Amino acid sequence: MRKTGVVLLVIIAGVLLGLFLSVRNSGRKSYQNDGRITISHPKVVNNEIVLIPEEKEIPTKGDPVSLTLQALLADGDEHNDDRAIPKGTKLNKVTVTDGLATVDFSKEFKALENSGEAKGSIAMKAILSSLEQFPTIKLVSITVDGVTFADSAVGKWENLPVRTDAPPNEAPK
């Protein structure tokens with residue numbers, strides 16, 4: 001009788017966890033191949049830097065992940081240089097393999113190395129939120145000219161979870 005109660009409790013806990021995660025993820029907008037994406041740009045609100053999501057148009061032809069990241073890089077030009085990514089940064093390449101997106105930026109991205117925890121955190125969150133709309137991407141690694149990026153606050157930017165269902169800091173199998 002006692003084992004049945006424990007099993008029932010475990011099942012109920014699993015169901016509640018599943019419901020929580022589905023409600024938590026239900027507000028997430030996935031890319032629909034319609035040329036509309038969401039990127040976020042930093043803005044000061046009540047003395048705090050927050051990311052403001054904004055819908056953008058991208059071409060329907062081409063790689064939507066690359067086009068989304070390019071839109072993120074260009075975003076500071078439209079918002080009085082309020083940018084999440086350092087000015088002049090270019091996207092060298094992005095690959096997605098088995099749920100891992102490897103994003104390679106130009107050397108300008110290295111301005112984040114010693115820019116402080118807040119700027120690095122904003123850049124990381126902007127990249128992760130931009131990639132979150134692509135359901136096949138679970139993790140992201142950031143490189144600069146082919147070398148894994150690291151900053152003083154976070155360390156190496158590799159195998160960062162993009163989605164709540166991604167294994168934390170674990171490369172896909």
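Two strands count as paired if DSSP finds at least two bridges between them. Keep that in mind for the second stop of this tour; the model on screen is predicted.

**Colour by confidence.** The protein chain has a mean pLDDT of 80, with 75% of its residues at 70 or more. Confidence is lowest in helix H1, residues 2–25, where the mean is 46. At the other end of the range is strand S4, residues 100–105, which has the highest value, 98. Now select residues 13–28: the pLDDT there is below 50, and the stretch makes 5 contacts in the model beyond near neighbours in sequence.

Strand S1 covers residues 36–45 and strand S2 covers residues 48–57; they pair in the antiparallel sense over 10 bridges. Pick Pro42 and look across to S2, where its bridge partner is Leu51. Then move to the turn. S1 and S2 form a hairpin with 2 residues between them. Asn46, in this turn, has a positive phi of about 50°.

**Select Thr143.** This residue lies in strand S5, residues 139–144. Is Thr143 buried or exposed? Thr143 counts as buried because its relative accessibility is 9%, and the cut-off for buried is under 20%.

Show the side chains of Thr143 and Asp104: a polar contact of 2.6 Å joins them. Next, display what surrounds Thr143. Leaving out residues up to four places away in sequence, Thr143 touches Thr102, Val103, Asp104 and Phe105, along with Thr148 and Phe149.

Note on methods. Residues are numbered from 1 along each chain as its sequence is written. Side-chain values use heavy atoms; hydrogens and water are left out. pLDDT is the predictor's confidence in each residue, from 0 to 100. Helices (H or I, at least four residues) and strands (E, at least two) are DSSP runs, numbered from the N terminus. Contact means heavy atoms within 4.5 Å. Buried means under 20% relative accessible area, exposed over 50%, partly exposed in between (1.4 Å probe, protein chains only). A polar contact is a pair of N or O atoms within 3.5 Å; within protein, one must be able to donate a hydrogen and the other to accept it, and residues adjacent in sequence count only if both atoms are side-chain atoms.
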